[in-house]
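Trainee: I would like to learn how to read a structure like this one. Could we go through it feature by feature?

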Amino acid sequence: MGIAVITMKASVIEMFLVLLVTGIHSNKEMTKKVKRPKNTVPQIHCDIKAGKIINPEFIVKCPAGCQDPKYHVYGTGVYASYSSVCGAGVHSGVLGNSGGKILVRKVAGQSGYKGTYSNGVQSLSLPRWRESFIVSGETTKAYETTPEPVALMQALTISAAEPPHTSLPKPSPFIISATSSPRPQPAGHRSQETGEVDLWKPGSVLLDAGFVPKEELSTQSLEPVSLGDPNCKVDLSFLIDGSSSIGKRRFRIQKQFLADVAQALDIGPAGPLMGVVQYGDNPATQFNLKTHMNSQDLKTAIEKITQRGGLSNVGRAISFVTKNFFSNANGNRGGAPNVVVVMVDGWPTDKVEESSRLARESGINIFFITIEGAVENEKQHMVEPNFANKAVCRTNGFYTFSVQSWFGLHKTAAPLVKRVCDTERLACSKTCFNSADIGFVIDGSSSVGTGNFRTVLQFVANISREFEISDTDTRIGAVQYTYEQRLEFGFDRYRSKADVLSAIKRVGYWSGGTSTGAAIQYALEQLFQQSKSNKRKLMILITDGRSYDDVRLPAMAAHHRGVITYAVGVAWAAQEELEIMATHPARDHSFFVDEFDHLYQSVPRIIKNICTEFNSQPRN
Ligand SMILES: *[C@@H]1O[C@H](CO)[C@@H](O)[C@H](O)[C@H]1NC(C)=O
């Protein structure tokens, strides 16, 4: 920031203080001049932030409707000055929805503000702010007789273009402009026409003066702290390659890239937050999400990172991040998607597929940037060919970058920022609805009967309908059995929900005996053999009677292969047999209804248990 600007600011503030004092001293005269009763309380808009009004204590009149969530309030009881004055009034219970007068008192900045829901207003959390305020009912003080409201009014209508000693503030109407720019802007806006400093632009001179004690005016803290780009609210973890093979020069390029990204992202508490983990043999957190909460601090910290050396254990680093990084203590925010960007020089020295799957299942979106990846004759050395595509949730190229040379890496910064901020498309991490291969094993024995068989198919369709079905989301397959077994359709046969549902409808009733054990064995070989390694394998078996063969061994084989088995019995099904087939604990995986017409009751219970089980998976 130029010295000139600082000097200009300082002089404007001085001028302002003089005016304020003048205003108070000549209060009587002034009130006469402006023909305003001295107890007039200024009316402000809902979106006026406390930081815009420099007085340490003031009374204002709020209009109705300030409980609207668009007027952001940060904190509870004590509010960050970045909050709507009137919104805080409603949140604190001092102000009703119909508006009214409130007394506002400035207090010191806090290291954290906690959002709560109160009096119909949801306030937000903010890690820190330079100044706070509290609100109380204005009747608690005899303010009507003091000059402050009038002084405040002058403050609010002041024009820096007017020489302070020769004329009093214009008797213009109350003119706080209702700007609600989400971020403070560089200081010192000048109106082209009049040369007046627009004192009420966010981030302009008086705003800063309100935040910063006068003696600090010459320090850096005049720089407005950005709240961050609200259109890119993500919690981001960069995994950077610190392995020995990368070399000093490339490591420096990597840091420069990180700094470029930090700059482009506009880091801040209401926008993206970014932490960095460096990996080599082992990973280590350089800084977490809340260590540096603006782009400038982050860039300074990035510059200081030193290379760890060692191997390139990316899989281990991803597991580390899944387990440790996105914790509340590290600044993880509930409403912001978790994103990991992995930088890899060449290829990893360990496998990434499994650790990435677990990361995605815990809700982390993974991007891979491979720089100078393996060329054809190097591919034989790779631990895991095509590792980047195995790590990401879609192989359509959105989540992967392949950069030919470190020296061209800088061109990736802008497209990366664009994709990371595209929060709509980040919803591709795994959920219980989009990450399974579900194989139905359907009893087609004679005892079921044609009508009931239709009900069973309806049941299969009703369960399938709950899932997100596509070739990259949940896939459905089906086997029908009697003494014999047949594959009705495999996992990769149909790629949409509509196709799956119509295929279920078309399954023809077979009729015959009941060899459930053999059917499980068959399903493992013919159906689950084709399941992808990154899918959860769920078998849902429906039977109406006791099996002719032993189910014990096939059931154990299913458990060993990681196929989670739900056993659904109807009518003559033997409950102890259901419990043997079902995955442990049996009470969560076996269901019994006494007749086919009651089968529908198990649909929501099965879905619920599938999701509960999914969500209770450990994060490592
Ligand atoms: C399937 O869903 C339909 C529509 O909700 C319902 O009428 C029917 O009873 C359900 N049947 C089974 C077996 O779940």
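Trainee: Which residues are around the ligand?

Mentor: First, the ground rules. This is a predicted model, in which local features need pLDDT of at least 70, side-chain atom pairs count only at pLDDT 80 or more, and totals for chains, interfaces and linings use all residues. Residues are numbered from 1 along each chain as its sequence is written, and side-chain values use heavy atoms, with hydrogens and water left out. A residue is near a molecule if one of its heavy atoms lies within 4 Å of it. Here, the residues around the ligand are T455, Q458, F459, N462, Y600 and V603.

Trainee: Which helix gives the largest share of that shell?

Mentor: Helices are DSSP runs of H or I with at least four residues, strands are runs of E with at least two, and both are numbered from the N terminus. Helix α12 (residues 450-465) supplies the largest share of the shell, four residues.

Trainee: Is S81 buried or exposed?

Mentor: Buried means under 20% relative accessible area, exposed over 50%, and partly exposed in between, with a 1.4 Å probe and protein chains only. S81 has a relative accessible area of 1%, so S81 is buried. S81 lies in the loop between β3 (78-80) and α3 (85-91), and its side chain makes a polar contact of 2.6 Å with the side chain of E131.

Trainee: What about V78?

Mentor: V78 is found in strand β3. Its relative accessible area is 26%, so V78 is partly exposed. Contact means heavy atoms within 4.5 Å. Leaving aside neighbours within four places in sequence, V78 is in contact with V107, Q110, Y113, S132, F133 and I134.

Trainee: Which residues touch the most other members of the largest nonpolar core?

Mentor: A nonpolar core is a set of buried Ala, Val, Leu, Ile, Met, Phe, Trp, Tyr and Cys residues joined through side-chain atoms within 4.5 Å. In the largest one, of 65 residues, they are F238, M274, F368 and I369. A second, separate core of 38 residues includes I438, L457, A503 and V603.

Note on methods. A polar contact is a pair of N or O atoms within 3.5 Å; within protein, one must be able to donate a hydrogen and the other to accept it, and residues adjacent in sequence count only if both atoms are side-chain atoms.
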